[in-house]
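The sequence and structure come first, and the description follows.

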Amino acid sequence: MKKLAIVLAALPAAAAVQAQSTNVQLYGLVDAGVEVVNHASATGGKVTRLTSGGMNTSRFGLRGSEDLGGGLKAIFQLEGGLFIDEGKSDGNLFGRQANVGLEGGFGRVIAGRSYTTAYDFILPFDPMGYAPAYSWATTGHGTPVNATTGTPVNKYGMTTGASNLVKYQGTFSGVKVGATYAFGEQTTGASDGSTVMLGLGYAAGPFSTAATYERTNGLSTATGHDKTTVAQLGVGYALNDTWSLKGAYRYYKKNLAAAAAVDLRGDTWWAGVNYQATPALGLTAAVYRVNVKDVATGPEADPTMFVFRAKYALSKRTDLYAVAAHARAKNDQFVGLTRSGSTEGVTGFSDTQTGAMVGVQHRF
C-alpha cells in the first residue's frame, strides 16, 4: 500500500516532465470568398457563388514534437482539408498530411502522407503563394475539355502530394536539399506506381533559387507502363523590403505505354511581382502560360492567365482579399481559371474565362 502511494504521488511530477518535453499544437485556416465567373455553362451563363479557399485551402490539423535529447526530436503531423461552404471534408480525414519522423542537425525525415519535394521547393516561387484559386503553379485547370477531343487542355503539372512516401529535407549554409520516394506497393515490381523526386535550393541575401526533378511510373500493362518526367526551376529576387520578383519554369513529358498513343509534352512558366504597399496592404500581379507541345488530335490550346490580387491584413491572423483573373486559350479551345483537380473550380465553356473574388481568411 505504501509503494502504491509513492507511485501515485510521483505521477503528477512525471506528467509535468512529459508536458515539458512534448509539444502538441492544434492549428488551422478558414478561408471563404464570394466569386463571380463567366462562361460557366454551354449557353455562356455566369455563376455567382460562395467558395471555400480563395487565397489558401481551408484546413485543420495537429502537429507536435518530442525532445529526445542531443538535438534530436520526434515529430508528427495530421492535417485534413475542409470545404467550409458546405461544412465537409475535402476527402480523407487527414488527406493533406499524415506522417511521423525524426528531426535534428541532419535535417528532417518523415514517413506517411505529405507534400512532395517538388511542391515544397517550387511553390515558394509562385507570386500567388499557395492559392488554390487563380494560380497555375501546380498545374493548369484540368476540368474544362478540349472542344474537339473532349479531353482536358491543361494537365501539365507536378505531383503535389503523395501517400506511402519517405521524404528528407535539410538546409546547410543556405543550401537546401531534399528527396521524396513514394512506394508503388505493387506485386508487379517495385517501380510500378512509384515516384522519385530530388530537389536542390539556394538562398543568399535577396536571391533565391530551386530546381527539382520528378519521375513517376504508372502501373504495368501488357505494353509496359507510363512514365512521367517533370523538371522545374524557380527563381526569386527581393529588390528591397517592399518589392520582390518571382518566376518559374516547368518541363513536363509523359511517355505513354500504349503503342498508338501520342506522348504528352508541355512547358509551363509563370512570373510575377509582390509589392508591400503599406504594412497592411500587399499587391500581387502574375501571369501563367502553358505551351502545349503535343496533342493526340485537334489544335493546341496554349492557355495564358493574368491575375491581380490585393490583400489587406486586419491583424496577424486575419486578412481580407480581392482577386481578379482572366484566362484565354488559342484555337477555340476551352479554358478555366482554377487549377486542375480542384473540385471547387468552375468549368470553362469558352476560349476565355474571367473571374473575380472577394474573401476573408483567418488562421488559428
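In which loop is His-39 found? His-39 is found in the loop between strand E1 (22-37) and strand E2 (47-52).

## Basis of the description

This is a predicted model, in which local features need pLDDT of at least 70, side-chain atom pairs count only at pLDDT 80 or more, and totals for chains, interfaces and linings use all residues. Residues are numbered from 1 along each chain as its sequence is written, and side-chain values use heavy atoms, with hydrogens and water left out.

## The chain as a whole

The secondary structure of the protein chain comes to 2 helices and 18 strands. Helices (H or I, at least four residues) and strands (E, at least two) are DSSP runs, numbered from the N terminus. Of the 364 residues, 40% count as buried; buried means under 20% relative accessible area, exposed over 50%, and partly exposed in between (1.4 Å probe, protein chains only).

The accessible surface of the protein chain is about 17400 Å², and 62% of this belongs to carbon and sulfur atoms. Accessible areas come from the Shrake-Rupley method with a 1.4 Å probe; for residues, only the protein chains shown count as cover. Among contacts with a separation of 6 or more, 57% are accounted for by residues 24 or more positions apart, where contact means heavy atoms within 4.5 Å.

His-39 has a phi near 50°, a positive value in a residue other than glycine. With a relative accessible area of 22%, His-39 is partly exposed.

Asp-302 also is not a glycine and has a positive phi, of about 45°. Asp-302 lies in the loop between strand E15 (281-294) and strand E16 (304-313). Its relative accessibility is 3%, so Asp-302 counts as buried.

## Salt bridges

The structure holds 9 salt bridges, each being a side-chain nitrogen of Lys or Arg within 4 Å of a carboxyl oxygen of Asp or Glu. One of them joins Lys-73 and Glu-103, with the closest N and O atoms 3.4 Å apart. Lys-73 lies in strand E4 (residues 72-83) and Glu-103 in strand E6 (residues 97-104), so this pair ties together parts that are 30 residues apart in sequence. Lys-73 counts as partly exposed, at 31% relative accessibility.

The side chains of Lys-88 and Glu-86 also meet in a salt bridge (3.4 Å, N to O). Here Lys-88 is partly exposed at 40% relative accessibility, whereas Glu-86 is exposed at 53%. Lys-330 lies in the loop between strand E17 (318-328) and E18, and Asp-302 in the loop between E15 and E16, so the pair ties together parts that are 28 residues apart in sequence. Lys-330 is partly exposed, with a relative accessible area of 38%, while Asp-302 is buried at 3%. Elsewhere, salt bridges that share partners join Lys-73, Glu-103 and Arg-108 into one network.

## A nonpolar surface patch

Which residues form a nonpolar patch on the surface? They are Tyr-202, Phe-207, Leu-233, Val-235, Tyr-237, Leu-239, Trp-243 and Leu-245, with about 710 Å² of accessible area together. Patches are made of residues with over 30% relative accessible area and no salt bridge; like charges are joined within 9 Å, and nonpolar side chains (Val, Leu, Ile, Met, Phe, Trp, Tyr) within 5 Å.

Strand E12 (227-238) and strand E13 (243-255) each supply at least two residues of the nonpolar patch. E12 gives the largest share, 3 residues. Tyr-237 is found in strand E12 and is partly exposed at 38% relative accessibility.

## A buried threonine

Thr-212 has its place in strand E11 (residues 207-217). At 6% relative accessibility, Thr-212 counts as buried. Leaving out residues up to four places away in sequence, Thr-212 touches residues including Thr-117, Phe-121, Leu-198, Val-230 and Gln-232.

## The second largest pocket

The second largest pocket has a volume of about 410 Å³. It is lined by 25 residues, of which Gln-276, Gly-282, Thr-284, Arg-309 and Lys-311 lie nearest its centre. E13, strand E14 (264-276), E15, E16 and strand E18 (352-363) each supply at least two residues of the lining.

On a 1 Å grid over the protein atoms alone, a pocket is an open set of points where a 1.4 Å probe fits, with protein on both sides within 12 Å along at least five of seven lines; lining residues have an atom within 4 Å of a point. Grid points are joined across faces, edges and corners, and a volume is the space filled by probe spheres set on the points.
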